[in-house]
Amino acid sequence: MDKDEQWLLEEKYAGQGAPAYEVDKKRLASGEPLGYVIGSQPFLNLKIHLDSKPLIPRPETEWWTDQLITSLREQAGRQLRFLDLCAGSGAIGCAVLAQLPNARVYFGDSDPAHEATILKNIHENSLDGSRASVGIGDLFKPFTDMRFDVIAANPPYIPTSRTLPASVADHEPALALFAGEDGLAIIRRIAQGLSRHLTDNGIAWIECDRTHADSARQLFEDLGFSVEVRPDQYDVPRIIVVSRP
């Protein structure tokens with residue numbers, strides 16, 4: 001039994017074999033990601049359900065979300081308006097809800113199917129739903145003229161020409177992965193809308209492709225923002241941190 005089969009057995013079947021477990025083993029063998037087979041993914045001590053098949057949260061995203069939350073704890077004395085943009089499962093925003101009681105968290109995604117998943121992740125993790133709102137629509141559109149102290153986004157950023165492993169390409173949503181020939185189509189649009197939705201002292205953390213981190217930085221610098229490119233836990237350029245100068 002390999003480690004994925006062992007984790008499946010323990011996490012979904014409490015260590016007890018069953019006919020359904022044999023079916024799920026075949027799903028794993030076909031290349032379906034473990035998170036979809038189990039139905040959830042751990043993320044900063046939360047159980048993130050994946051009912052609507054959003055992008056599965058990656059360790060890199062978990063790592064920088066933890067870094068962001070740590071930095072925001074220094075602002076515990078003031079209320080924060082936080083936007084999880086391109087939210088998918090809502091993992092980032094749920095982690096903020098769990099760890100920052102001073103944050104009002106908004107989740108934004110273009111896929112209506114993900115709304116129920118986000119609400120389930122809030123409820124099933126016993127988070128404070130009174131501090132959460134979900135907006136469905138294209139990028140900032142659901143939030144009209146709202147401005148946020150913190151915007152966090154893991155948008156689609158993979159160039160369409162790149163070949164991905166079959167376990168990703170055949171199962172995870174293309175709309176959450178690919179973003180034009182240079183992988184910057186969505187980040188470019190975020191850059192164009194950011195000034196209208198970021199407070200004067202606000203900050204945005206945006207995940208990007210390692211090969212286009214400098215290009216992503218230039219997009220925001222050209223619009224007058226201050227930008228820092230930060231590495232992930234593997235020392236790979238992964239996050240651009242954007243603020244007003």
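## What "buried" means here

A residue counts as buried when its relative accessible area is under 20%, and as exposed when that value is over 50%. Keep these two words in mind as you explore this structure, which is a predicted model.

Let's start with helix 2, where Tyr21, Asp24 and Leu28 are buried. Looking down the axis of helix 2, you would find these buried residues within an arc of 60°, so they line one face of the helix. Pro19, Lys26 and Ala29 sit on the other side of helix 2, and they are exposed.

What covers the buried residues of helix 2? Helix 1 and helix 3 are included in that cover. Just after helix 2 comes glycine 31, which takes a positive phi of about 105°.

Helix 1 spans residues 3–13, and its buried residues are Glu5, Leu8, Leu9 and Tyr13. They cover an arc of only 95° around the axis, so they lie on the same side of helix 1. These buried residues pack against helix 2 and helix 3.

Now look at the start of helix 1: a side-chain oxygen of aspartate 2 comes to within 3.1 Å of the backbone nitrogen of aspartate 4. Just after helix 1, alanine 14 takes a positive phi of about 50°.

## A glutamate in a loop

Glutamate 32 is found in the loop between helix 2 (19–29) and helix 3 (34–38). Is glutamate 32 buried or exposed? Its relative accessibility is 11%, and because the cut-off for buried is under 20%, glutamate 32 counts as buried.

The side chain of glutamate 32 makes a polar contact with the side chain of arginine 27, at 2.7 Å. If you leave aside neighbours within four places in sequence, glutamate 32 is in contact with Arg27, Val37, Lys53 and His171.

Next, find strand 4 (residues 103–109) and strand 5 (residues 132–136), which pair in the parallel sense over five bridges. Opposite aspartate 109 stands isoleucine 136 of strand 5. Together with helix 6 (residues 113–124), strand 4 and strand 5 make a right-handed β-α-β unit.

Within helix 6 you can pick out threonine 117. With a relative accessibility of 2%, threonine 117 counts as buried. Which residues is threonine 117 in contact with, leaving aside its neighbours within four places in sequence? They are His49, Asp51, Ser52 and Ser89.

Note on methods
Residues numbered from 1 in each chain as written. Predicted model: local features only at pLDDT ≥ 70, side-chain atom pairs only at ≥ 80, totals over all residues. Heavy atoms only, no water. Pairing = 2+ DSSP bridges. Helix = DSSP H or I, 4+ residues; strand = E, 2+ residues; numbered from the N terminus. Right-handed = clockwise from strand over helix to strand, strands pointing away. Buried < 20%, exposed > 50% of the residue type's maximum accessible area, 1.4 Å probe, protein only. Polar contact = N/O pair within 3.5 Å; in protein donor to acceptor, adjacent residues only side chain to side chain. Contact = heavy atoms within 4.5 Å. Arc of directions from axis to C-beta.
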